Amino acid sequence: MKIIVLARDIENIPVLEVVDESLRKEKIPIVVFYHGWKSSKELVLTQARKLAQKKIRVILPDAQNHGKRKQPISSIPSFTFWNSIQSNIAEFGILINFYEKIKLLNRNHLGVGGYSMGAITTCALLTHHSEITVASSIMGSPSPYKYFQRVKKKAQEYGVYMPKDIDGLLGWIKKYDLSLHPEKIDNRPFFIWHGTKDERILFLEPKEFFSKIKNENYAKKTKFLIGDNQGHLVTTDLMDEIAEFFEKNI
């Protein structure tokens with residue numbers, strides 16, 4: 001098996017496509033995998049290769065303001081962060097339509113995953129994209145509105161300027177908050193992992209979310225794996241577990 005990495009530019013979205021060379025022109029399962037904040041598509045290549053070894057085509061986009069699309073960060077706390085996630089959400093359809101046009105997409109085998117900011121993107125996509133068949137959220141939050149409110153409170157405590165209408169400017173977050181619309185999981189296989197010592201995105205958010213949904217019919221295929229004493233970091237063992245999850249469920 002030879003895994004190759006193809007650089008594409010899909011309607012101005014820089015993308016790496018990672019796939020077994022022998023399956024390059026075959027209609028195999030696709031996983032779109034999103035990187036984290038202040039990261040880039042290249043930094044999730046190890047995960048992508050592990051997925052590609054499972055006969056999956058992996059699409060790694062650079063988020064807006066990251067990688068080849070890097071721009072200065074707004075002085076307004078988290079504003080660039082949320083704009084990056086919103087762009088990921090808006091551009092998801094562009095990526096899917098491209099692979100459908102070149103006849104490599106099977107909508108019955110379409111996965112989405114991500115780390116941190118990419119995991120928040122994944123959870124948000126589940127609220128509006130029923131064509132996603134399997135998903136994985138690693139070190140992210142299914143409760144982005146709570147996360148946004150926590151960041152806003154911290155900024156106010158430190159006397160950092162926040163626009164008075166910041167809630168209105170980022171009003172879209174509530175509509176894409178999976179914790180407010182958990183039924184949107186719709187019994188799809190969904191893997192959540194979070195470390196108990198994560199200082200960037202609190203473990204409490206996915207923990208409370210899973211406690212709320214675990215007995216619901218729509219969450220029968222949701223799996224929550226706890227990283228005891230783990231921080232905001234992905235190990236190779238976890239990467240293997242993520243790859244095995246997608247292989248089993250996609």
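I take contact to mean heavy atoms within 4.5 Å. With that cut-off I looked up Ile 85, which touches Met 117, Ile 120, Thr 121 and Trp 172 when residues up to four places away in sequence are not counted.

Basis of the entries. I am reading a predicted model, in which local features need pLDDT of at least 70 and side-chain atom pairs count only at pLDDT 80 or more, while totals for chains, interfaces and linings use all residues. Residues are numbered from 1 along each chain as its sequence is written, and side-chain values use heavy atoms, with hydrogens and water left out.

Overall form. I found 8 helices and 8 strands in the chain, where helices (H or I, at least four residues) and strands (E, at least two) are DSSP runs numbered from the N terminus. The chain is as compact as a globular protein of 250 residues, because its radius of gyration is 17 Å, close to the 18 Å of the globule rule; the radius is taken over C-alpha atoms, and the rule is 2.2 Å times the number of residues to the power 0.38. The C-alpha trace spans about 55 × 40 × 30 Å along its principal axes. Of the contacts with a separation of 6 or more, 75% are accounted for by residues 24 or more positions apart.

Burial. I use buried for under 20% relative accessible area, exposed for over 50% and partly exposed for what lies in between (1.4 Å probe, protein chains only).

Cores. I take a nonpolar core as a set of buried Ala, Val, Leu, Ile, Met, Phe, Trp, Tyr and Cys residues joined through side-chain atoms within 4.5 Å. The largest has 50 residues, and those with the most contacts inside it are Val 32, Trp 82, Ile 85, Phe 92, Leu 170 and Phe 190. Helix H2 (residues 79–101) gives this core its largest share, 9 residues. A second, separate core of 26 residues includes Val 44, Val 134, Met 139 and Met 239.

Helix H1. I then turned to residues 45–52, where 6 of the 8 residues of H1 are buried, namely Leu 45, Gln 47, Ala 48, Lys 50, Leu 51 and Ala 52. Their cover includes strands E1 (3–10), E2 (13–20), E3 (30–34), E4 (57–61) and E5 (110–115), together with helix H8 (236–249).

Two glutamates. I placed Glu 42 in the loop between E3 and H1, where it counts as partly exposed because its relative accessibility is 37%. Glu 42 touches Leu 16 and Asp 62, residues up to four places away in sequence not being counted; its C-alpha atom is separated by 7.9 Å from that of Leu 16, 26 residues apart along the chain. Glu 91 is found in helix H2 and counts as buried, since its relative accessibility is 13%. Leaving aside neighbours within four places in sequence, Glu 91 is in contact with Ile 13, Gln 64 and Arg 69.

Positive phi. I noted Lys 55, a residue other than glycine with phi near 65°, in the loop between H1 and E4; Lys 55 is exposed, with a relative accessible area of 53%. Ser 78 also is not a glycine and has a positive phi of about 70°; Ser 78 lies in the loop between E4 and H2 and counts as buried at 19% relative accessibility.
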